[in-house]
Amino acid sequence: MYWTQTFIPTLKETPSDAEIVSHQLLLRAGLVRKLTGGLYTFLPMGLRALRKIEQIIRQEMNRAGGIEVLMPALQPSEIWKQSGRYETAADVLYKIRDRARKEWVLGPTHEEVITTLAANELNSYRQFPRNFYQIQTKFRDEIRPRFGLMRAKEFIMKDAYSFDTSDEGAMASYRRMYDAYTRIFFRCGLKAFPVEADTGVIGGNHSHEFMVPAETGENEVVYCESGGYAANIEKATSRGPSPSTPTDGTGDSPEKFPTPGVVSIEALAAAPHSVPAHAQIKTLVYILDSKPALILMRGDDQLNSAKLLAKTGAIQARPATVDEIVATLGAHPGSLGGAHNVPHDVSVYADEVLRGARGMTTGANVDGFHLHNVEMDRDIRVSHWADFRMVRAGEQCVETGEALKIRRAIEVGHVFKLGTKYSEKLNSTFLAEDGSRQTTVMGCYGIGLTRTLQAVIEQCKDKDGICWPLSVAPHQVCLTPLNVAPESQPRQVAEKLLMELTAAGIDVILDDRDERPGVKFKDSELVGFPLRVNVGEKSLAKGEVELKPRTGPTQPVKIDDAAAQIIGFVRSGMAALA
């Protein structure tokens, strides 16, 4: 391929609306162009890299036993209502109507569609296990598209769905996909690692996310240095906070005392009251599926909203309004507690850290008053105990005892063991060997291709541009003759190398632009070709050309050895990513 015969509109200046470096490089290297917020056109170099990621994914999915299909992006809203996600996923659904006023959904994912297919086609235990996958465009109504391809309204995704006859079979399918994802990200040149994860709106009871460490990532990962534990912060647990929750009390009954103007944890911790945050009970009022509930936390802890949904089983949760709080407890925020005047029909959820706590302080449910000497077991009617808190850095790991650390990361893949959530609601059953009718056990597995592409850039870059891994680079080699006149020796040597390398299966582009060498060099580094071959009169006079790896020093090689050296460079690099 020749540079002048494709379209690579590189930019010298950084676009003002590109917030992070990988987004800037997507635009500056001419990989994509923005249509509007959350919508991008892929240009030739971006599309070539995307297709290579797609090829790796397809190879590994086929290797793991996946069967490729292609499902409609346009889906009837009825199947979303049947699964229950018409309401729970309403925030991200694009809903449209046709000329007959029938409502449709633009697919953000395809659990409903594939389960409907399985319900109609997989009827006997002899047809299992099955794993169907597709690579297709998805649509999600993101409230704030940002960071280029990281959070977009339209994106390309590989989604797969396994169907098994037993829980054991489903776990075997899960493990095959987990292993396939590990291979996929390694082959893409990404340092990705799996973490325990919350299942969220997808559902299920077992889940891992594949994360790429990046300071600009939207996720936080909790981990210990030894590698013995890693989890998304939404799922992470620890051995508890420090200092520990007080368990020594006076044994006296709760005592009400005035706290005029004290409406925060910090204010109660300050003089003259001086009640440390870890000795306070923070009372949050939430509306869980339209019903008010109290969530009790230690004063210095933060509520983890993902854990709240998971532990309570609520489909929707939101903080109560001030009016709803007053109607429930008779007091305003800042004076709330679970010890006095809590209606019996209001559920009280308490964080495990408070179990056995004594000598605590909390609101009295009377404006301007708090209670001393509160004991959880004696004074508060707890409906349910669970881990609701957000883990903090420095706490001890539950598995190793090491101090936990927190770092930011980009989620590029997610695997779920769904169980029977969708198969029950969408009637996916089969005739078992004993003649009984059983429900299929499902898993689902997603990789964001467009996000993965940008994650590669986020991880593989330097001050000059992108440093593509050989496996996903738009072109592996850029031949750069410094004189492009057809009769010139540099052009003729470059053309000969182009023919030899192409015949050997090397992905090559020849920069035939009539530009200064500096412009060519900067563009090749910006776009990120793994190897540039400089062909100039001075080197040729010595019988040499120059090999310049994107992240290494320039190496002079003899003209007659150049093709073999280039082929060796590419093949050894590809072998390292196999």
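**Sheets, pockets and cavities in a predicted model**

Trainee: How many bridges join strand 13 to strand 19?

Mentor: Four bridges join strand 13 to strand 19 (residues 369-374), and the two run antiparallel. Within this part of the sheet, Lys256 stands opposite Leu371 in strand 19.

Trainee: Moving on, what is the order of the open sheet of five strands?

Mentor: The order is 16-14-15-17-20, and the pairing is mixed. Strand 16 (317-319) and strand 20 (384-386) are the edge strands, each pairing on one side only.

Trainee: Do tell me about strand 17 and strand 20: parallel or antiparallel?

Mentor: Strand 17 (residues 347-351) and strand 20 run parallel, joined by three bridges. Ala350 stands opposite Trp385 in strand 20.

Trainee: Which strands does helix 8 lie across?

Mentor: Helix 8 (residues 305-312) lies across strand 14 (281-288), strand 15 (291-298), strand 16, strand 17 and strand 20. The helix runs at about 65° to strand 14. Helix 9 (residues 322-329) also packs on the sheet, where it touches strand 14, strand 15 and strand 16. The direction of helix 9 makes about 110° with that of strand 14.

Trainee: How many of the lining residues are nonpolar, polar and charged?

Mentor: The lining of this pocket has 12 nonpolar residues, nine polar and one charged.

Trainee: How many cavities of 30 Å³ or more are there in the whole structure?

Mentor: A search of the whole structure finds two. The largest cavity holds about 60 Å³ of space. Phe147, Met150, Thr216, Gly217, Glu218, Asn219, Ile410, Glu411 and Arg451 line the largest cavity. By class, these divide into three nonpolar, three polar and three charged residues.

Trainee: What lines the second largest cavity?

Mentor: The second largest cavity, with a volume of about 40 Å³, is lined by Ser524, Glu525, Phe529, Arg532, Lys548, Pro549 and Arg550. Helix 14 (517-527) and strand 30 (544-549) each supply at least two residues of this lining. Four of the lining residues are charged, two are nonpolar and one is polar.

Trainee: Finally, which domains does the assignment give?

Mentor: The domain assignment of the chain gives domain 1 (19-190 + 416-458), domain 2 (255-386) and domain 3 (475-575).

Trainee: How far apart do the C-alpha centres of domain 1 and domain 3 lie?

Mentor: The two centres lie 40 Å apart. Six residues of domain 1 are in contact with six residues of domain 3.

Terms used:
Residues numbered from 1 in each chain as written. Predicted model: local features only at pLDDT ≥ 70, side-chain atom pairs only at ≥ 80, totals over all residues. Heavy atoms only, no water. Pairing = 2+ DSSP bridges. Contact = heavy atoms within 4.5 Å. Axes fitted to C-alpha atoms, helices over the stretch in contact; angles between N-to-C directions. Nonpolar A, V, L, I, M, F, W, Y, C, P; charged D, E, K, R; others polar. Domains from an automatic or database assignment. 1 Å grid on protein atoms, 1.4 Å probe; cavity = no way out; pocket = protein on both sides within 12 Å on 5 of 7 lines; lining within 4 Å. Points joined across faces, edges and corners; volume = space filled by probe spheres on them.
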